[in-house]
Amino acid sequence: MGKTPEETKVVMTELVLPNMTNLLGNLLGGELMHRMDIAGALACMRHSGAQVTTVAVDAIEFKHPVRLGEMVSVEAKLVWTGKTSMKVKITATAENLATGAVIVTNVAMFTFVAMGRDGRKITVPKLLPQTDEEKSDFEREERAYLLRRGAHQPQDGSDDKR
Ligand SMILES: CC(C)(COP(=O)(O)OP(=O)(O)OC[C@H]1O[C@@H](n2cnc3c(N)ncnc32)[C@H](O)[C@@H]1OP(=O)(O)O)[C@@H](O)C(=O)NCCC(=O)NCCS
């Protein structure tokens with residue numbers, strides 16, 4: 001049974017501690033990416049009810065540091081589903097607990113594939129976008145998927161897996 005993007009939403013929140021930071025007192029990029037990966041996987045597991053594996057990550061930029069003592073939150077929400085793959089938008093924010101200021105530090109798209117316990121790919125339920133924004137996100141990702149597939153497929157379409 002498909003879920004709406006809102007129903008797939010997962011938020012992970014944590015205090016940035018010294019063992020998570022570099023020598024400048026900023027959250028390590030790898031620490032943040034690990035949390036993004038886990039939150040994305042959880043959203044996909046919630047949607048599909050299956051085990052998932054990360055197959056692709058779009059570009060991630062680190063424009064704003066998350067500082068020691070701040071609250072880092074990672075929100076993951078599905079934007080698109082294919083046959084076995086799911087695309088998740090992941091937004092990381094940093095909150096300064098003294099001032100209450102919140103900034104978005106990173107936005108990235110992760111793609112996961114659903115796997116059965118036998119290690120084979122399995123079909124996922126279709127995502128059910130509700131709002132205009134969710135519908136438009138879904139259509140944009142569907143176009144990107146078709147373009148990417150077109151680029152990896154023989155002209156006669158003989159490799160069609162859908
Ligand atoms: C993920 C994995 C199972 C895919 O297996 P595969 O036989 O290569 O699968 P396919 O080429 O048929 O792709 C499966 C799905 O992933 C999607 N996919 C594959 N490469 C992709 C990419 N670069 N970007 C986005 N989606 C991608 C395909 O479009 C397909 O989606 P669909 O079923 O919705 O049409 C396999 O590549 C794997 O095990 N990779 C290692 C995963 C891992 O260990 N991740 C942790 C990081 S170390």
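Helices (H or I, at least four residues) and strands (E, at least two) are DSSP runs, numbered from the N terminus. This is a predicted model, in which local features need pLDDT of at least 70, side-chain atom pairs count only at pLDDT 80 or more, and totals for chains, interfaces and linings use all residues. Residues are numbered from 1 along each chain as its sequence is written, and side-chain values use heavy atoms, with hydrogens and water left out.

**View 1. The protein chain as a whole.** The protein chain contains three helices and five strands. Starting at the N terminus, its elements follow the order α-β-α-β-β-β-β-α. The C-alpha trace spans about 60 × 30 × 30 Å along its principal axes. Of the 162 residues, 40% count as buried. Buried means under 20% relative accessible area, exposed means over 50%, and partly exposed is in between (1.4 Å probe, protein chains only).

**View 2. The shell around the ligand.** The ligand is surrounded by 15 residues, where a residue is near a molecule if one of its heavy atoms lies within 4 Å of it. The closest are Lys-83, Thr-84, Ser-85, Tyr-145 and Arg-148. At least two residues of the shell come from each of β2 (51-57), β5 (102-115) and α3 (132-151). β2 gives the largest share, four residues. Sorted by class, the shell has five nonpolar, six polar and four charged residues. Here Ala, Val, Leu, Ile, Met, Phe, Trp, Tyr, Cys and Pro count as nonpolar, Asp, Glu, Lys and Arg as charged, and the others, Gly among them, as polar.

View 3. An N or O atom in the side chain of Tyr-145 is 2.5 Å from an oxygen atom of the ligand. For Lys-83, a backbone N or O atom lies 2.7 Å from a ligand oxygen atom. Thr-53 places a polar side-chain atom 3.2 Å from a nitrogen atom of the ligand. The ligand taken alone exposes 960 Å², and the protein buries 54% of that. These areas come from the Shrake-Rupley method with a 1.4 Å probe; for residues, only the protein chains shown count as cover.

View 4. α3 has 20 residues, and from its first C-alpha to its last it reaches 29 Å, close to the 28 Å expected at 1.5 Å a residue. The expected span is 1.5 Å times one less than the number of residues. Buried residues in α3 are Glu-134, Asp-137, Phe-138, Glu-141, Glu-142, Tyr-145 and Arg-149. They lie on the same side of α3 because they cover an arc of only 135° around the axis. The arc is that of the directions from the helix axis to the C-beta atoms. On the face turned away from this buried side are the exposed residues Asp-132, Glu-133, Arg-143, Leu-147 and Ala-151.

View 5. Gly-25 sits in the loop between β1 (10-15) and α2 (29-48), and counts as buried because its relative accessibility is 19%. Ala-101 belongs to the loop between β4 (85-95) and β5; its relative accessibility is 42%, so Ala-101 counts as partly exposed. Val-124 is in the loop between β5 and α3, and at 8% relative accessibility Val-124 counts as buried. Val-124 and Gly-82 are 42 residues apart along the chain, with 7.5 Å between their C-alpha atoms.

Notes:
Polar contact = N/O pair within 3.5 Å; in protein donor to acceptor, adjacent residues only side chain to side chain.
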